[in-house]
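Here's a quick briefing to read alongside the structure. Have the viewer open and follow the topics in turn.

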Amino acid sequence: MEAGTETEGEAVGVRRFWEGLGLLGLVDVHTHFMPESVLKKVWAYFDALGPLTGGVEWPITYRAEEDERVGMLREFGVRAFTAMLYPHKPGMAEWLNQWAVDFARRTPDCLHTATLFPEQGVAEYVRRALDDGARVFKAHVQVGAYDPADALLDPAWGLLAEAGTPVVIHCGSGPSPGKHTGPGPVGQVLARHPRLRLVIAHMGMPEYEDFLDLAERFGEVRLDTTMAFTDFSEEFAPFPRRALPRLAGPPRPDGPPRPDGLRRHADLPRLAGLGDRILLGTDFPNIPYPYEHQLRALERLGLGEDWLRAVCHDNGARLFGL
Ligand SMILES: [Zn+2]
């Protein structure tokens, strides 16, 4: 796409969103940056998706050079973002991690990201990535087609739990299931490492409620909003309305009633209140709609401005000590 005037116009809308909430900007825990050769393959996959499956088309909205893509996030006012990258085979993670060290060095607003795969030496290179300053990891159970409870990964999960380093994990069965996707295998990992800071990508789509159960059981589990609640995802994996109150809170009993008569989140049933453990994620640049749509999709949930401030900025800022 042509960068420039088009995204400048878009940036106005995105900025209006967070300025209206009185925020300093956005924290987006789920954006993709990876070596160009790998990203081209990812884009080719999405390009082929419609014709191959006879299913939904997935046009990449932000197909541009790397520096332009970084520039767009800055125009949008994203204070901190990530470089989600992931291997689909053994022997690849360490190379990706080396690339990510360099990317983080030349991109100070990127939270230094690393990845892992069940293979010999994984604990060693995870340790090295932590020593190099990695602040977040990405694990992709569907693309990697591995069992997250694989014994080979156990020492690596242990290191990450000990370090308190968040791991964004694509473990839900959307958009298509994998051999080891779903809440079961991840539940096994958490049973062994209850303090592990897993961030369930896509709100666990489409097994939303099972993953909310896990988050309610394990206090360090978080969820990212990536693609959830958007028109695109609601088509094939709608978030169950009955589960909405579980996303709210923690309640603020002192808040004044809203003059428009709409319910504040404090008025919603006081269940577990995961509102302080939900993090904005978008999947930029690999999304089939404009960036602002993810934000408006969160807004229209009607969980209130406190909730939006927490999700779009404060929860991430706290988690990463920004
Ligand atoms: Zn993603």
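In what order do the 3 strands of the open sheet line up? They run β1-β2-β3, with parallel pairing. Keep in mind that this is a predicted model, with an average pLDDT of 90 across the protein.

**Confidence**

- A pLDDT of at least 70 is reached by 89% of the residues.
- The stretch to treat with care is residues 251-271, where the pLDDT is below 50. Even so, this stretch has 26 contacts in the model beyond near neighbours in sequence.

- At the edges sit β1 (26-27) and β3 (110-111), each of which pairs on one side only.
- β1 is joined to β2 (residues 78-82) by 2 bridges, and the two run parallel.
- For a handy landmark in this pairing, look for Leu26, which stands opposite Val78 in β2.

**Helix α5 against helix α7**

- α5 (residues 122-131) packs on α7 (residues 154-163) at about 25°, and the axes are 8 Å apart. The cut-off for roughly parallel is under 35 degrees, so α5 and α7 count as roughly parallel to each other.
- The crossing of these two helices, α5 and α7, is right-handed.
- On the α5 side the contact uses Val122, Ala123, Val126, Arg127 and Leu130. The α7 side supplies Pro155, Ala156, Leu159, Leu160 and Ala163.
- Sorted by class, the contact of α5 with α7 comes to 9 nonpolar residues, no polar ones and 1 charged.

**Helix α8 against helix α9**

- Here the packing angle of α8 (183-192) and α9 (208-217) is about 10°, with the axes 10 Å apart. α8 and α9 are therefore roughly parallel to each other too.
- From α8, the residues Pro183, Val186, Gly187 and Leu190 meet Asp210, Phe211 and Leu214 of α9.
- This contact of α8 with α9 splits into 5 nonpolar residues, 1 polar and 1 charged.

- As background, most peptide bonds are trans, and most residues other than glycine have a negative phi.
- The peptide bond from Gly174 to Pro175 is cis, with omega near -5°. Pro175 belongs to the loop that links β6 (167-170) and α8.
- Another cis peptide bond runs from Met205 to Pro206, also with omega near -5°. You'll find Pro206 in the loop between β7 (198-200) and α9.
- His202 isn't a glycine, yet its phi is positive, at about 60°. His202 sits in the loop between β7 and α9, the loop that also holds Pro206.

Technical notes
Residues are numbered from 1 along each chain as its sequence is written. This is a predicted model: local features need pLDDT of at least 70, side-chain atom pairs count only at pLDDT 80 or more; totals for chains, interfaces and linings use all residues. Axes are lines fitted to C-alpha atoms, for helices over the stretch in contact, and angles run from 0 to 180 degrees between N-to-C directions. Helices (H or I, at least four residues) and strands (E, at least two) are DSSP runs, numbered from the N terminus. Angles under 35 degrees count as roughly parallel, over 145 as roughly antiparallel, 65 to 115 as roughly perpendicular and the rest as oblique. A crossing is left-handed if the near helix is turned anticlockwise from the far one by less than a right angle, and right-handed if clockwise. Two residues are in contact if their C-beta atoms, placed from the backbone, lie within 7 Å. Ala, Val, Leu, Ile, Met, Phe, Trp, Tyr, Cys and Pro count as nonpolar, Asp, Glu, Lys and Arg as charged, and the others, Gly among them, as polar. pLDDT is the predictor's confidence in each residue, from 0 to 100. Two strands pair if DSSP finds at least two bridges between them.
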